[in-house]
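Here are some notes for a colleague who is opening this entry for the first time. They are meant to be read beside the sequence and the model.

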Protein chains: 4
Amino acid sequence: MISFLNDYNTIAASEVLSYINKYSTGKYCGYGQDELTNYAKELIRKEIKHDAEIFFISGGTMTNLMVIQSMLKSYEACISVLEGHINTLETGAIENTGRKILTVPSVNGKITVEAISEVLKNHHGFHMVIPKMVYISNATEAGTVYTKEELQELYRYCQEKGLYLFIDGARLGTALVASGATLEDIYLNSDVFYIGGTKNGAMFGEAVCFKNSSLCEGFLHSMKQHGALMAKGFNLGIQFIALFETDLFYQLAKKANDIASYLASELKKIKIDIKNDPEANQVFISITTNLRKVLEKNFLFTLMDEKDGLETIRLVTTYNSQFAEVDAFISAIKAFQQDIKKY
Amino acid sequence: MISFLNDYNTIAASEVLSYINKYSTGKYCGYGQDELTNYAKELIRKEIKHDAEIFFISGGTMTNLMVIQSMLKSYEACISVLEGHINTLETGAIENTGRKILTVPSVNGKITVEAISEVLKNHHGFHMVIPKMVYISNATEAGTVYTKEELQELYRYCQEKGLYLFIDGARLGTALVASGATLEDIYLNSDVFYIGGTKNGAMFGEAVCFKNSSLCEGFLHSMKQHGALMAKGFNLGIQFIALFETDLFYQLAKKANDIASYLASELKKIKIDIKNDPEANQVFISITTNLRKVLEKNFLFTLMDEKDGLETIRLVTTYNSQFAEVDAFISAIKAFQQDIKKY
Amino acid sequence: MISFLNDYNTIAASEVLSYINKYSTGKYCGYGQDELTNYAKELIRKEIKHDAEIFFISGGTMTNLMVIQSMLKSYEACISVLEGHINTLETGAIENTGRKILTVPSVNGKITVEAISEVLKNHHGFHMVIPKMVYISNATEAGTVYTKEELQELYRYCQEKGLYLFIDGARLGTALVASGATLEDIYLNSDVFYIGGTKNGAMFGEAVCFKNSSLCEGFLHSMKQHGALMAKGFNLGIQFIALFETDLFYQLAKKANDIASYLASELKKIKIDIKNDPEANQVFISITTNLRKVLEKNFLFTLMDEKDGLETIRLVTTYNSQFAEVDAFISAIKAFQQDIKKY
Amino acid sequence: MISFLNDYNTIAASEVLSYINKYSTGKYCGYGQDELTNYAKELIRKEIKHDAEIFFISGGTMTNLMVIQSMLKSYEACISVLEGHINTLETGAIENTGRKILTVPSVNGKITVEAISEVLKNHHGFHMVIPKMVYISNATEAGTVYTKEELQELYRYCQEKGLYLFIDGARLGTALVASGATLEDIYLNSDVFYIGGTKNGAMFGEAVCFKNSSLCEGFLHSMKQHGALMAKGFNLGIQFIALFETDLFYQLAKKANDIASYLASELKKIKIDIKNDPEANQVFISITTNLRKVLEKNFLFTLMDEKDGLETIRLVTTYNSQFAEVDAFISAIKAFQQDIKKY
């Protein structure tokens, strides 16, 4: 089977495994109080070019719930687009920490200032939660990417209104490569964001970066309390040393994006309907149920939804996807198209 | 000032106060383990005509959060219309107990089987919460009322799909009087509901009725844990003795509905735009900002929202509203209408 | 049956009911935003002689959980004596809000600086909760009362160590009458406390007093979120107008204390073993199981525990206890003592 | 520096790293739905000799909070010895999920049936939590180990009383090797337990084993909701394949125990006071502050507490501790002893 299922289907990029083997004979302090973790933080701060407060957490859902419950009071709420990962695919993790998500419609997967301002207008008084944070994913759940200018406008608005801006960067590498924005741009245009390792070649690990220490008071206590503090924290540090001691982080994301781009252009050539213009490593297409069933025999991908006889499927590329795999996929569609022409 | 603000602006109906005075010399057990509480439950069960498990709680938000957190596991969710009270005006009380609300659009304030089935279709797998309860308000937040047939259809669907049906009856009295449904109908067509006292003449108090004891295991423990168990529980019992030893509960609701009905018909005569056909004790009208400002000088009501220069305001009647108060309101509008004609 | 069971067995003191009747024809704003509530706050502030922030809540467990969860972060903890009400008789209400209680042994029901300092010494680092609040009950669960000097010493220590001091005043009236301390003393020697109405003649209601507004940010939102905000908040206000427009609050507490004092002295005369020297309205005695069974036929009281054949029972007096009821109790014991002498 | 600090100071045992490298070229399904995870479960079930339900979680605190919040209702509580890891060193993780811990004194770090029965006797009625689970650590926090007979007696009692028995097996390997009990014994004498990987040579990972599926309904949903479900779940599976495809799990534990045993016997020879008889890989000794300060120059260990001028320090051995490291430690003490004799 050829997989376009997701970007977390390998143990890790080989370069990352080399680092694990390299450090395998040392002894280190526990709970992220070690020199490898510190070195990883330094490497990231060098990229950010500012003195962010950094913590390493094993996965995205845990990171989202940690950041949101830690920054918001119980009666403060987080604004997200309807299809936001925290609202759809995290089994109510945010609500389980006691926080409400206020949802708004998106435009191409992105949040808009207009939608946020509508929420602010409709929330007042002690019978309602207080909107206090805007959550966005970059790259978005729709495969789109915020431009640097969009982020600047959004963050300016958030600051004006006293809202935190939190960027879920589970796929931040692909977003940066696609948009040309830098980690410094992300830092400057948010209050907190995270750099996804799990979906970009690491064994596991997300690096949460707070603008300053006043935004993460008690965060280590809270991590321990939520089971988010790994005893062997240095294993998380190693992932990010591997990604940022060289430009591996960007290289891996670029590989994923390049294949996705090739995939999209090949699909267009054969008249397959593509949703949004794929900017990062996710391609969403509309196909018939019959075609989907044929493709499932040799390819892994996700069926998102079905409407009026057409299905949306998601194709994800990753650093170790192959151009030949795309070719095989295109061939399979072509063969199907030939078949149905016969009738 | 004449108040159309809400239906909880008096200490209690005079009949209720008489009962309080009547029982004032006795001594009673604490925490609802007393004979007055038991007698109140008996009176309600007589109305329900079945052996419901009944608990008394001081207010609606507490009742909603108690029922939902108690019946659902942490990863199970409650479906509600967008404007559902639990979703808008309870400061995230449900989420604060760790439960997610899944929202759907309403038709005239009511939930539809179609909307629920869409939610069920889109929820599967362990990345998503499990829809397990449907929450409705009767009367609804839009002032409409479910017919007995609508409830039957809804409950049949819920049972087929393994969903609990929970009826928020903060204004159940007005709904029953308006629709002709009985408490037995409500009992038969839901798993749990509550009978609102606070908005129907009591000092405070809602009577939660579970279909059977398997649905409320540990509920007393949970009430105590959430601060929902009043030490002087007999004070709650007295409210419901007062409401149900005679037909006071229905009388008070009928008074509120009759005035609302009169208000609506008078408003129609003077061409004021009424939202939905008011069925219970809430009337929603669309007026200009100028008219609203004039009315505010002598009347209390709630401004719901504003769109394109027109405002929606809510007018609530209650058992002690007066026909003369409606007349004064109508006169004020007429005077305004005369004034603007002059220009 | 004669009741020494508790101090919340009547609807309310007759004076309180008079106030309810007096205000019964008015119309008031909801959710404590009304003039009666404001007037009640003024009356209390006059007693406190400082500008406390005051909120009314229906009962003690709700008040405890509201204050503790609101003032503490999730990883901060509350120190209490082992027998503290929050630790024993509130069904885990504090833990249900996510906060840990750190328990220490008491001396005569009171907390000591030594015990607190031991907790502080043993808590450090992010693997442990941060002790941040001291919770005491006054009167205590053992029926004892803190002197003004004890409170001063305790509060001085708390301030030195950065700990909040929270006084559960479910029985504060009896404590003030017993110790001669004033509400001003309580205010000056704590960060937050509450004045119990439920156990001192009110229908329900506790008045929480925060030293200043920085200690209760968002408290109204949090009350609504926890179901602690009564729609008819004015009913709470009326209770405290009744208690504080005159010196009724102190009168009722004095009655309860006087009877308890008489009860204790009579018990001593007949050689019944009394635990602690009763200072407020609770008397704890050690008796045999046989005696307890005899007394149960005509008296209500609480069996606390049993050890080595002797049982501790709790006798509570209240404003409407009668001296004659004490006499009857003493006579019953005497009769039992006569009976067993015969053998 | 020579480390007796803890048993999680290396990336992983070299054998475990070999397995990671071995599987590094494959592609696997996400979230533990892959063949490696399944294979790991099979290997463990083979050891258990019964059909346990198994889940892999990254660390111990997360596992404890997942199991306890999942098996207990909000008003049910967990009994633990005072020094239980969940009560002392997890920053209130259990309380943060809303569950109360009821603490009892231990005997040599172990819980007793007497202590549990005392808790049961004192808990009744809806004002108190319901004790529903017993939590023990094996090996205990005091370095002791439950014998098979002790576990049998304890579990028999728990079953009789309707209590779940949950065994925290963060150091289960060392406990099994020390006591001669098998994984089957552990399975047969508990409702749920976990096999610690993190402290026994794995990069991370604990294997939670439920007696049957009725005890873990919805556990995957709950894991996702708490951020406990790793995207690359197969990385957890690999750890346990490495530990259980051969007898590596037991070998590593035996190494740790053997060194600890040697350490203890050498310490006894030089008259150092040892707390409990060390049975697994933790040795607790009482020394003077002066000696501790001298040792700190070359050795890492944990200062547990201080009393009357004597300090308790914890020495932990692990699979890669060396006999020579013990010799160095003993020599350092001897040198100190010589020095002080001179005066």
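**Notes on a predicted model**

1. Strand E10 of chain C covers residues 282-288 and is joined to E9(C) by three bridges, the two strands running antiparallel.

2. These strands belong to an open sheet of four strands in chain C, whose order is E9-E10-E13-E12 and whose pairing is antiparallel. Strand E9 (273-275) and strand E12 (302-307) of chain C are at the edges, and because each has a single partner strand, one side of each is left without a neighbour in the sheet. From one strand to the next, the twist averages 30°. Helix H12 of chain C, residues 248-269, packs on this sheet and touches E9, E10 and strand E13 (310-316), with a direction that makes about 25° with that of E10(C).

3. In chain A, the division into domains deserves attention: domain 1 is made of 2-6 + 251-342, while domain 2 is 14-248. The C-alpha centres of these two domains of chain A lie 29 Å apart, and 15 residues of domain 1 are in contact with 18 residues of domain 2. On the domain 1 side of this contact, helix H12 (248-269) and strand E10 (282-288) of chain A each supply at least two residues, and H12(A) gives the most, with six residues. By class, that side of domain 1 of chain A divides into eight nonpolar, five polar and two charged residues.

4. The crossing in which H6(B) passes H7(B) is right-handed. From H6(B), the residues B:Val113, B:Ile116 and B:Leu120 meet B:Glu153, B:Leu154, B:Tyr157 and B:Lys161 in H7(B), a contact that has five nonpolar, no polar and two charged residues.

5. Which helix of chain D gives the most to the side that touches chain B? Between these chains, 12 residues of chain D are in contact with 12 residues of chain B, and helix H10 (residues 219-225) of chain D gives the most to the chain D side, with five residues. The residues on that side of chain D comprise four nonpolar, six polar and two charged.

Conventions
Residues are numbered from 1 along each chain as its sequence is written. Chains are lettered from A and ligands numbered from 1 in the order in which they are written. This is a predicted model: local features need pLDDT of at least 70, side-chain atom pairs count only at pLDDT 80 or more; totals for chains, interfaces and linings use all residues. Two residues are in contact if their C-beta atoms, placed from the backbone, lie within 7 Å. Ala, Val, Leu, Ile, Met, Phe, Trp, Tyr, Cys and Pro count as nonpolar, Asp, Glu, Lys and Arg as charged, and the others, Gly among them, as polar. A crossing is left-handed if the near helix is turned anticlockwise from the far one by less than a right angle, and right-handed if clockwise. Two strands pair if DSSP finds at least two bridges between them. Axes are lines fitted to C-alpha atoms, for helices over the stretch in contact, and angles run from 0 to 180 degrees between N-to-C directions. Domain bounds come from an automatic or database domain assignment.
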